[in-house]
Each structure stands twice: as C-alpha cells, then as structure tokens.
Amino acid sequence: MQPRNMSMSGVVDLAAVKAAQEAKAKAEQARAEAARQGGGSVPAVSPSSLVIDVDEAGFERDVLQRSTEVPVVIDFWAEWCEPCKQLSPLLERLTVEYNGRFVLAKIDVDANQMLMQQFGIQGIPAVFAVVAGQALPLFQGAAPEAQIRGTLDQLVQVAEERFGLTGLVVDQDAAGPADGEAAAPAVPAGPYDVLLEAAVQALDAGDLGGAVQAYRNVLSDDPGNTEAKLGLAQAELLQRVQGVDPQQVRKDAADKPADVGAQIAAADLDLVGGHVEDALGRLVETVARTAGDDREAARVRLLELFEVVGSDDPRVTAARRALARALF
C-alpha cells in the first residue's frame, strides 16, 4: 500500500466534534483559572506517557480532550498488518524524539471497529492527527521517514501557530533506568570525520555521486548527523542541476505553469543561483494550486530546499508559514 495524503489537507467530520469543542472550552477555562490562581505552569510528563493505547471508551478523554492541549497523532494498526510492524515502531521513536510536541495514540482497529468507521478508514496502517478536536488525515500506508518527519513538522507548526498548542513539558529524568536496572551503555557516535572529509573532497573534485554516497554512509549509522544531512541536501541539489540547460529550464517553467516537474526544476536552479526567495516562493505557489501526487512532489522538494538553506534562515521561516497556509 502506497502512502498518500501526506499533505494533511482536509478535515474528517466526527460525531464527537461537538463534544471536543466543549472539552476545548473547558480546558481553556481550566488553564485560565490555574493562571489566575498562580498555578499556570504545565506539569512535566514522562517520555513513556507520550505513547498511549486508546480504545473507544477512552477516546474522548485520551484523544479529543487531550487534543486541546497538545496535537494527538493516531496510529490505526492491527496485529496481522505487516506494514504496521514497520511503521508503528518508527512513529513511536519519532514521538519520543519530538519531545512532547505531540502525543501518539495507538488504536487497534480489530478491537475498535466503530472508531475505524468514524474516521472512514479503508486500509491500514492509517495515520491521522487530532488538533483542538479537528481530525486531519496525515497518510495511509508505510511512508519514508523523511516524508513522515516533514508531515509532523507541518502538524507541529500549524498546531502552534493556529491553535497556540506548544506541546507538553517532558521530564527527561523520568526516562532513566528502573530500580536495580543498569543503565544502557553509551554508544559512541563513531569516527565520522573521515567520511565527512571524504564527502567534502568529492564535492571539491566535482564527484557529486561520491559525495552523496559518503554523506549517506554517515546518515545510515547516525541519522541525526546535522552536517551530513546538510551536505547531502546540498550535494543532491547540485547533482540535480548538473548538466541542465538553464535557459530551457526557465522557458519550460514560464511556458508550462501547470507542469509541476518544470516548476521544481526551476526552483532548484533558482536556489543554486542564489535566488532563495524565488525558489521557495515558486514551490509554495505550486503547492497551493495543485493536489494529490503533484502537490506532494512540490511539498517534498520544498522541504529538501529548506534543509539546504537552513531552518534558522528567516526566509525559510517565512516560507514555512506560507506553506502552512497553502496546506490548511
């Protein structure tokens, strides 16, 4: 089953939305009362409490009400589902890694058929999010980690900017070993300096394929290596524009505004030429006027260009906001 709906567009109508809105109002009143009494600080939660099993009886409390305080990502799964066995552990790992920006609710569809019907699920794994009582389809089927991260980044951003949900405070001390249990030995990061230097040398020599492979070798052992992620994004960008005819690329983009491939190619060229705002703006506009696979292709390339420019760059920050508006 191929992933789809990675853009999170659309809202699912649930019979319990009214109850969720009432729960949201109550939660806001409770927070306001706590703040008035000087107790507005948010209690810390343990990392283990970020992943929960949910059933029909606890859905309103554990998902709808909780979604007024933090986004809730829902993983619909079943024991017999082979793709679920790949996706669920990945979602659990990312939930802990995002450190309280969202909570993961796991729902066994075999035991909760009513919830499956309410969400209109045709196949599993299926992943949704609930934010302030609104259910958003994220994707169906197993999906690459990079795409899932991009979708979660968008979810977190929209939850914060539109609903003011900044997540939970996580007590990292609570993640320590249990009494009598030895702490896991620290795993050394590994000697990546040699591989990173080899990648730089390959770039200097014009061996873009070698540079890409060297960066991927680092990331295969250390997926969070910032230098390798940035280097890979840059090397892949240079590899894509290598040998292209700039005039033809720009002509195709101008003559075929509905051709997503032409717009993506022009955005790559814009970025290499130092026209950052033009590159990002072109892809945001493409996302806004397309749907389905075309929209997803433009969105994924935009996220890749964010990596090249850098998440701290104000032009990326502005483009992220524009992308959120285009998607929602």
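User: How are the rings of Phe119 and Phe128 placed?
Analyst: Their centres are 5.0 Å apart and their planes are at 75°, so this pair is edge-to-face. Rings of Phe, Tyr and Trp (its six-membered ring) pair if their centres lie within 6.5 Å; planes under 30 degrees apart are stacked, over 60 edge-to-face, and the rest tilted.

User: How many aromatic pairs are there by that rule?
Analyst: The count is five aromatic pairs. One of them is Phe76 with Phe128, edge-to-face because the ring centres are 6.0 Å apart and the planes stand at 85°. That pair links distant parts of the chain, with Phe76 in strand E2 (residues 72-77) and Phe128 in strand E4 (residues 126-131), 52 residues apart. Helices (H or I, at least four residues) and strands (E, at least two) are DSSP runs numbered from the N terminus.

User: Which residues form the aromatic cluster?
Analyst: Phe59, Phe76, Phe119 and Phe128 form one cluster. Phe76 is buried at 0% relative accessibility, and Phe128 is buried at 8%.

User: New topic: in what order do the strands of the sheet come?
Analyst: The order is E1-E3-E2-E4-E5, in an open sheet of five strands with mixed pairing. Two strands pair if DSSP finds at least two bridges between them.

User: Which strands stand at the edges?
Analyst: Those are E1 (51-53) and E5 (134-140); each has a single partner strand, so one side of each has no neighbour in the sheet. From one strand to the next, the twist averages 25°. Axes here are lines fitted to C-alpha atoms, for helices over the stretch in contact, and angles run from 0 to 180 degrees between N-to-C directions.

User: What about E3, how many of its residues are buried?
Analyst: Five of its six residues are buried, so E3 is largely enclosed by the rest of the structure. Strand E3 (residues 103-108) runs parallel to E2, joined by six bridges, and E1 and E3 are also parallel, with three bridges. Ala105 in E3 is the bridge partner of Ile74 and also of Ile52.

User: Which helix lies across E2, E4 and E5?
Analyst: That's helix H5 (residues 145-163), which runs at about 15° to E4.

User: Where are Asn99 and Ala132?
Analyst: Asn99 is in the loop between H3 and E3, and is partly exposed at 36% relative accessibility. Ala132 is in the loop between E4 and E5, and is buried at 2%.

User: And Val308, which residues does it touch?
Analyst: Leaving aside neighbours within four places in sequence, Val308 contacts Leu230, Ala233, Gln234, Leu237 and Leu271; contact means heavy atoms within 4.5 Å. Val308 belongs to helix H12 (residues 292-309) and is buried, with a relative accessible area of 15%.

User: Last one: where is confidence lowest and highest?
Analyst: It is lowest in helix H1 (residues 17-36), with a mean of 48, and highest in E2, at 95. These are pLDDT values, the predictor's confidence in each residue from 0 to 100. The protein chain has a mean of 79, and 80% of its residues reach 70 or more. Over residues 177-190 pLDDT is below 50, and that stretch has two contacts beyond near neighbours in sequence. Where pLDDT is low, the predicted coordinates should not be read in detail.

Key:
Residues numbered from 1 in each chain as written. Predicted model: local features only at pLDDT ≥ 70, side-chain atom pairs only at ≥ 80, totals over all residues. Heavy atoms only, no water. Buried < 20%, exposed > 50% of the residue type's maximum accessible area, 1.4 Å probe, protein only.
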